[in-house]
Structures are given as structure tokens and as C-alpha cells.
Amino acid sequence: MPPDFLLDHARADLEPVRHNGLSRSERLVVYKDFIEREEARIRERHDAGDGGCEVASLHARLIDIVIESLFNTALFKCPGADPIALVANGGYGRGLLNPSSDVDLLFLLSKPSNKLPKDLGGAVEEVLYLLWDCGFRVGHATRSIPECIRAARSDPIIRTSLFDDRLLAGHSELFAKFKQRFRQECIDKDRATFFKERREDIRQRYRKHSSTVFLQEPNLKESPGGMRDYHNLLWISDALFQTRDLRVLQKHGRLSSGAVEELEDAFDFLHRLRNALHYHTGRATDILTLRLQGVVVDLFEYQHPALLRRIENLMRDYYRHARNIHQYTHSIFEIAEIETDITKPVRLPAWLPLPRKTESFDGFTTANGRLEAAGPDIFDEDPARLLRLFLHCQQRAATPAPSLRKLIKANWQRIDKSFCYAKSNRETFRTILEHKGQVGQILRLMHRCGVLGRYIPEFGALDCLVQHEFFHRYTADEHTLRCIEELDALLDSDKPPEQRYRQLFIDMEDPYAFYLALLLHDSGRAENVRQHIDGSAHLANRVCRRLQISGGRRRLIMFLVDHHLTLWRYSTQKNIDDPDVVAGFAAQMKERRLLDSLLLFTFADSRGTNEEAWSPWKETLILQLYRSTLSFLKQGYTAYDHAFRLELKTLQRKVTRLLPEHYARLAEEHFARMPKRYFRFRDARSVSTHIRAVCNTSTAAAAAPTPPSRPPSSGSNTPTRDTPNSLSSPMTAPSSSKRSPALSPPTRSTSSPPTSTPAPTAWCSTSSVSSPSTSSPCRAERARCRSS
């Protein structure tokens with residue numbers, strides 16, 4: 001629906017409002033009816049599949065017509081009033097408004113706002129009240145030009161909001177004067193400050209949203225690669241290059257034609273998504289939650305029998321569009337730094353004999369930390385430079401300049417089968433992975449430039465792949481890169497809890513194998529197999545063949561990929577106090593080198609999953625199993641079991657010495673009945689305190705009045721101390737069903753209670769005592785407790 005149709009409808013429906021002398025309530029009904037009809041027409045265009053920017057533009061134009069009519073009608077009652085202009089700013093000022101977005105307005109005055117005439121103030125209030133009554137969320141300000149300048153210079157948010165200005169109605173000369181002064185005093189004279197404000201805005205937003213595009217539930221506006229990044233690109237282009245037209249940036253070589261198309265498609269896609277969220281929820285919604293993802297795939301008619309696959313396709317589209325915005329915004333900021341003097345406020349004379357930090361080598365040059373191509377044909381001369389350039393970046397702490405990234409993209413087709421099998425490229429890739437602590441940033445750089453996924457296609461299949469487990473916060477490729485970055489961060493870590501893992505990392509003999517295993521450990525997720533570990537192992541084996549990795553290095557890679565969840569599963573899903581469990585885990589580890597590698601691997605994998613995945617509880621369980629397995633590998637099963645029993649007997653002797661003599665039976669039964677994990681982290685004083693508490697609790701229970709007993713009915717199960725339904729003390733806990741015979745408590749027949757050994761108070765069922773006078777070993781024990 002072209003905007004001309006809106007104008008035609010407005011002339012027919014709203015023009016009489018201005019001249020017919022309708023009351024305020026009558027005018028409100030007319031405006032509401034008009035808005036409802038036109039919004040329904042715009043909604044039809046959205047449902048029919050019109051572009052996101054087109055629908056947002058129509059919605060903004062609809063609001064323009066309503067506000068212009070309201071403003072002109074209000075001013076019609078104020079003849080001879082001082083000049084005033086109604087200005088749209090913020091998102092509304094850009095001419096794109098999503099269905100439930102705020103309407104930001106500036107009433108621009110020719111005099112200070114504290115001297116606003118009463119009749120003009122009444123007109124402003126009438127416009128605002130009618131807009132609120134129509135259901136719009138309105139942000140407004142009433143300022144003169146000097147007041148706007150002062151506010152903009154003191155607040156970055158106001159500066160960018162007024163930078164997106166557009167005259168709606170009123171005094172055009174006043175608006176032109178404001179626009180000129182704002183540009184001169186808030187942008188041109190303060191470009192360095194404006195650039196720093198925009199860069200700081202990006203830094204803070206990225207930190208708030210985990211500094212990644214690939215979030216499971218992204219914010220369409222604020223997340224990296226969201227709408228705000230695109231706005232920053234336009235603001236910086238306008239401030240430094242005097243244009244917001246992407247085609248002009250292309251004409252001057254700052255963006256390629258492909259980049260312009262990708263940016264336009266990405267921004268339109270984000271607007272279409274945001275329109276859908278606003279229409280579905282009926283309010284301003286920016287977070288694409290898991291629930292809303294399922295709604296959007298139906299609205300956008302993604303085709304696949306499985307809902308998860310449709311969601312996966314939607315999110316892949318989002319990630320690729322958001323990544324394009326993120327990367328091109330970063331490129332424009334880099335180009336601005338290179339081509340302008342905003343980061344170099346002090347310019348030294350060119351004749352000063354200062355050393356220049358430049359270097360030329362292998363067809364490249366470096367200057368100011370950026371790697372540039374010596375010529376446009378460097379990859380024609382030697383395609384291996386496509387991989388070698390990242391080794392140069394690693395060795396010189398440099399990053400590819402925007403022009404070099406553009407050249408890399410133009411030569412993607414050179415990364416073919418022969419390139420992947422070339423010996424020189426294998427050696428270059430191995431050298432990159434052998435630099436401990438400097439691998440993650442280079443692999444991320446390779447991934448950003450589109451090289452890593454082409455050289456290792458098994459990893460490339462993970463690009464923007466959604467992981468449907470809720471505890472995974474990132475896509476598969478982002479998770480993998482974060483695991484590697486967490487490993488790198490250990491090298492410079494001074495945090496005491498991380499020193500154990502840092503030392504394992506320092507002592508690692510083969511970082512190439514370890515990094516490669518990390519890179520491939522989740523590659524099977526793209527294979528659509530039931531267990532991704534099986535797919536990952538198959539793909540890792542294929543990569544080892546292609547890279548000609550064999551022997552112990554290959555065995556280490558396959559072990560880590562195949563067992564990267566084993567330590568976590570054993571620690572959190574099995575009874576790690578059971579020596580048989582420890583023995584089974586140790587049988588898979590075989591040697592300490594593999595156990596140490598798996599512990600370090602599990603640390604990096606968990607830390608790269610999300611911020612809460614490596615919890616103190618989880619670390620405690622993992623380290624307990626690690627220490628038990630280490631002891632088992634050193635001693636063997638018999639010695640390990642014997643050492644454990646000796647520790648238990650030593651603890652029991654200490655407890656017995658701390659208790660009076662008549663507690664001996666209670667202590668013996670306590671050690672026999674409690675699970676062995678109970679004794680792992682308790683000293684003799686804690687255990688003796690628990691025994692006393694159990695005795696006192698049982699004594700109090702026995703002293704309570706006993707309810708009259710009823711004869712059991714036929715077939716009833718009356719709880720006794722030996723039946724599964726017996727009432728036990730809160731201190732008791734069920735033993736593991738699978739336990740080593742040497743460490744398990746003796747089993748008893750449930751057919752008849754034991755007669756030789758009286759049961760201690762702590763585990764006697766009070767329901768089995770028929771009356772307080774009943775003579776039993778438990779009562780005798782309680783009597784001794786009371787006397788003590």
C-alpha cells in the first residue's frame with residue numbers, strides 16, 4: 001500500500017475535523033477510527049509478506065498524518081502564536097516505526113521553554129493528551145535551540161536522538177536553523193567525542209549481551225549485530241563521511257556492492273522480525289525468546305516437518321544477518337579511524353624523523369597493528385597466503401585491515417580440496433595451534449574472515465547452528481570458539497581457583513592435538529545423529545586422516561572427542577564413592593596423562609557453555625572423581641579399597657574416643673548404616689556430634705505419648721526396623737545399590753529381626769515400640785543416654 005493511499009484516506013477522514021468544530025471527545029473518536037482502519041491495512045501488508053522496512057515506514061507515515069492533523073488543528077486555535085516546530089526524533093525521526101514502538105517528539109521553540117506562552121502551552125498539551133488517548137507511547141520534550149544544544153552536549157543519548165531529526169509540522173525556518181546549529185556545534189566541532197561515545201555505547205552493550213551475536217535468545221535491538229549497531233554505522237558515516245546512503249559509501253570504496261546488499265537485507269529482516277513480535281504480543285517486544293521463535297516460524301512459513309528444524313532455520317537466518325551488521329559496523333569504525341584524524345588529535349609534523357612502525361614481508365605490510373596486502377594479486381601468486389596471513393597476525397599481534405578482509409572474501413574459491421590437503425598449509429595450521437594462549441583469537445579471526453570453516457569444513461558445518469539444549473547459551477560454532485578462548489585465558493590467569501587447571505595447561509605436551517580436539521568435539525551436532533559424540537568421533541577421524549595425524553597424537557584427539565562428556569557424566573550421574581564406579585572410570589582413562597587432559601578439557605568445555613555451567617558444586621564432584629581415579633591408577637583396586645577402609649576405621653576409632661563408653665554401639669551402627677560419601681568430608685568431631693544429636697532426638701521421640709495401637713488388618717504392612725517402610729531418623733540415608741563388598745554394610749534378612757545384636761536408638765522405629773514400658777535394647781540405650 002503506497003503512502004499516497006494513506007494521504008487520500010486522511011483527506012477524506014481527518015480534514016473535516018479541523019473545520020467542523022467537533023468537541024475533543026468527538027475528534028478522539030474520529031482519530032481512533034482512522035488509526036484502527038489504517039493499522040489493519042498495514043497489518044495485512046505485513047501478513048502478506050511485505051518487507052520489514054516497508055511496513056515500519058508505512059506505520060511511521062500513518063503517525064505522521066495523525067500528528068500533523070492534531071498539531072495543525074491545535075495551532076488553528078492560536079493565531080499569531082510564536083514560531084514553533086514539531087520535530088520527530090529518535091527511531092521515529094528515522095522514518096521507521098515498528099507497531100508498538102515509542103513516538104519521540106520535540107516541540108522546538110523560538111524562546112526558552114520557561115517563557116512558553118500559555119496559549120501555545122495549551123496547544124502542546126492538547127496534542128500530547130490526544131496522542132496518549134489514542135494509545136501511543138509518546139516521549140516528548142519542549143526546548144529552544146540553545147536548550148537542545150546544551151542537552152545534546154551533556155547526554156550522548158539526547159545527542160543521537162536529535163541527530164535523527166525530521167520536521168513534521170510547524171515553522172520550517174526555525175527547524176532549519178536548529179539543524180544547522182546542531183550539526184555545527186554537536187557533530188562537526190565534536191567529532192572525536194561523538195566517535196568515542198559511539199564506541200563506548202557499543203562496548204557497554206556488547207558486555208551486557210555476552211559480546212556475541214550468537215545468543216540463544218537475542219535482543220533484536222541491543223544485542224551485537226542488532227538494530228543499534230546499524231544505527232551506529234549510519235551515525236558514524238554521517239558524522240565523518242557526511243552521508244547515510246550506503247550506495248555513496250560503496251562509491252567511495254568503503255563498502256562493497258555485496259556488503260551494501262547484505263546490510264540492507266539484514267536490516268529489513270530485523271525490522272520484519274520486530275514487527276512480528278510487536279504484532280503478536282501487542283506491546284514493544286525486542287527479545288526473541290524460545291517461545292516466540294516457535295511463533296515466528298509459523299508466521300514466516302518456514303518449511304520443515306519438524307518444529308525444531310524450522311526454528312533452527314529461522315535462527316540461522318537471524319545469526320547470519322546479525323553477523324553481517326556486526327562485521328560491517330566494525331569495518332566502518334575501523335575505516336573511520338584509518339581515514340580520519342579523530343583518534344589522532346595531535347598531528348606531528350611530517351618532517352620529524354620519528355620511527356615508523358611498518359614492516360613488509362611475504363606480500364604483506366603491517367602498520368599500526370593492521371595487516372594489509374602489498375598488492376591485489378598476492379593470492380594469485382601464492383594461495384597459501386590465505387592461511388599464512390593468520391600466522392603473521394598471530395606472530396605480530398595484528399589484525400587484517402578492512403581492505404585485506406575484502407580481498408580474502410574475493411578469494412574464497414581458492415580454498416579447495418588441493419588447498420586443504422597441501423603439506424605447507426597443514427604445517428601452517430599446526431604452527432598456529434601450537435602457540436599456547438594465542439589460538440582462540442586467531443581462530444575467531446579466521447572464522448570471521450570465512451577461512452576456518454572452508455579449511456576445516458567439519459567445523460564450517462557448525463556455522464550459526466542452534467543447540468537446542470537449554471543450558472547451551474550459544475550456537476555450536478560460538479561455543480567451540482569460546483571453549484578455546486577459555487583455555488587460552490588460563491595462561492595469564494592469577495585466580496587461585498584456576499591455578500590447578502593453569503598448571504595442567506602449562507604442562508601440556510601436545511597443544512596442537514588438544515586444540516584440534518576442542519575444535520572438533522561438537523562437530524557431530526551438524527550430522528543429525530542421535531548421539532553427537534558418535535558423529536564428532538567420525539569427523540575427527542576424517543580430519544586426522546586429511547591432516548595426516550597418526551600415532552599418539554591421533555589417539556589423544558580421538559580419546560578427548562570420544563570422552564569429552566565422560567568425566568561430567570560420571571561425576572554428576574553416578575555414585576562416585578563406590579570403588580566399582582571409580583574402577584570403571586579408571587578403566588576408560590588408562591593413564592594419568594589422559595585423565596589430566598580430560599579434566600582440563602571438561603573445564604574449558606563447561607566454561608564455554610555458559611557462565612553458570614562450571615559451578616562450585618560441579619567442580620567439587622569432578623575433582624573428587626579426579627582424585628579418586630588418580631589414586632586408583634597409582635595403587636590399583638585392592639590397594640585403593642584397602643586404603644579407603646583404613647581411613648574409615650581410623651575415623652571410627654577417633655569418634656569412639658570422643659564419645660562416652662555407652663555410645664559404642666551407636667557409633668558402630670552409625671558407621672555401618674550411613675553411606676560412605678557421608679564420611680568423605682567430615683572429621684571425627686562432626687560425626688560424634690551427629691551421633692549425640694541422633695541419640696537425643698530418639699530419646700525425645702520415645703518420651704512422647706504413644707497413640708493407641710490398632711490390630712493390623714490382614715495383609716497389612718506394619719513398619720519395622722528391618723522393612724523397607726520403616727521410619728528412620730532424618731540422619732539416615734539410603735546406601736548405594738551398587739557397592740563394593742568390602743565397603744558395603746552387612747546385609748540382613750528381612751524375614752526375622754536379629755536377636756543377638758540390639759538395634760541402636762538412631763535407627764529404631766518408634767512405631768515398633770508398643771508402650772513406654774516395653775523392654776528393648778533401644779530403650780535401654782536411651783536410658784543410658786538420659787543418665788549421661
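First, the conventions. This is a predicted model, in which local features need pLDDT of at least 70 and side-chain atom pairs count only at pLDDT 80 or more, while totals for chains, interfaces and linings use all residues. Residues are numbered from 1 along each chain as its sequence is written, and side-chain values use heavy atoms, with hydrogens and water left out.

Let me turn to the charged pairs. Side chains of opposite charge can pair when their charged atoms come close. The term salt bridge here denotes a side-chain nitrogen of Lys or Arg within 4 Å of a carboxyl oxygen of Asp or Glu. By that criterion, a search of the whole structure finds 54 salt bridges.

One of them joins Asp164 to Arg244, with the closest N and O atoms 2.5 Å apart. Asp164 lies in the loop between α8 (156-163) and β4 (166-170), and Arg244 in the loop between α11 (227-241) and α12 (246-251), so the pair ties together parts that are 80 residues apart in sequence. Helices (H or I, at least four residues) and strands (E, at least two) are DSSP runs, numbered from the N terminus. For accessibility, buried means under 20% relative accessible area, exposed over 50%, and partly exposed in between, with a 1.4 Å probe and protein chains only. Asp164 is buried at 2% relative accessibility, whereas Arg244 is partly exposed at 28%. Both residues also belong to a network of salt bridges that links Arg94, Asp164, Arg183, Asp188, Asp238 and Arg244.

A second example lies within helix α10 (residues 191-208), where Asp201 and Arg198 are three residues apart, separated by about one helical turn. Their closest N and O atoms are 3.4 Å apart in the salt bridge, and Arg198 is buried at 4% relative accessibility.

What does Arg396 form a salt bridge with? The partner is Glu359, and the closest N and O atoms are 3.3 Å apart. Arg396 lies in helix α17 (residues 385-396) and Glu359 in strand β5 (residues 358-361), so this pair ties together parts that are 37 residues apart in sequence. Arg396 is partly exposed, with a relative accessible area of 29%, and Glu359 is partly exposed at 36%.

I now come to the helix pair. The axes of α26 (residues 511-520) and α31 (residues 592-607) come within 11 Å and cross at roughly 45°. That makes α26 oblique to α31, oblique being the class left after angles under 35 degrees (roughly parallel), over 145 (roughly antiparallel) and 65 to 115 (roughly perpendicular). Axes are lines fitted to C-alpha atoms, for helices over the stretch in contact, and angles run from 0 to 180 degrees between N-to-C directions. On the α26 side, Phe514, Ala517 and Leu518 meet Ser597, Leu600, Phe601 and Ala604 of α31. The residues of this contact divide into six nonpolar, one polar and no charged. Contact means heavy atoms within 4.5 Å.

Finally, the backbone. Asn368, although not a glycine, has a positive phi of about 55°; Asn368 sits in the loop between β6 (364-367) and β7 (370-373) and is exposed at 69% relative accessibility. Cys464 has a positive phi near 60°, again in a residue other than glycine. Cys464 is placed in the loop between α23 (457-460) and α24 (476-489), and is buried, with a relative accessible area of 0%.

Notes: Ala, Val, Leu, Ile, Met, Phe, Trp, Tyr, Cys and Pro count as nonpolar, Asp, Glu, Lys and Arg as charged, and the others, Gly among them, as polar.
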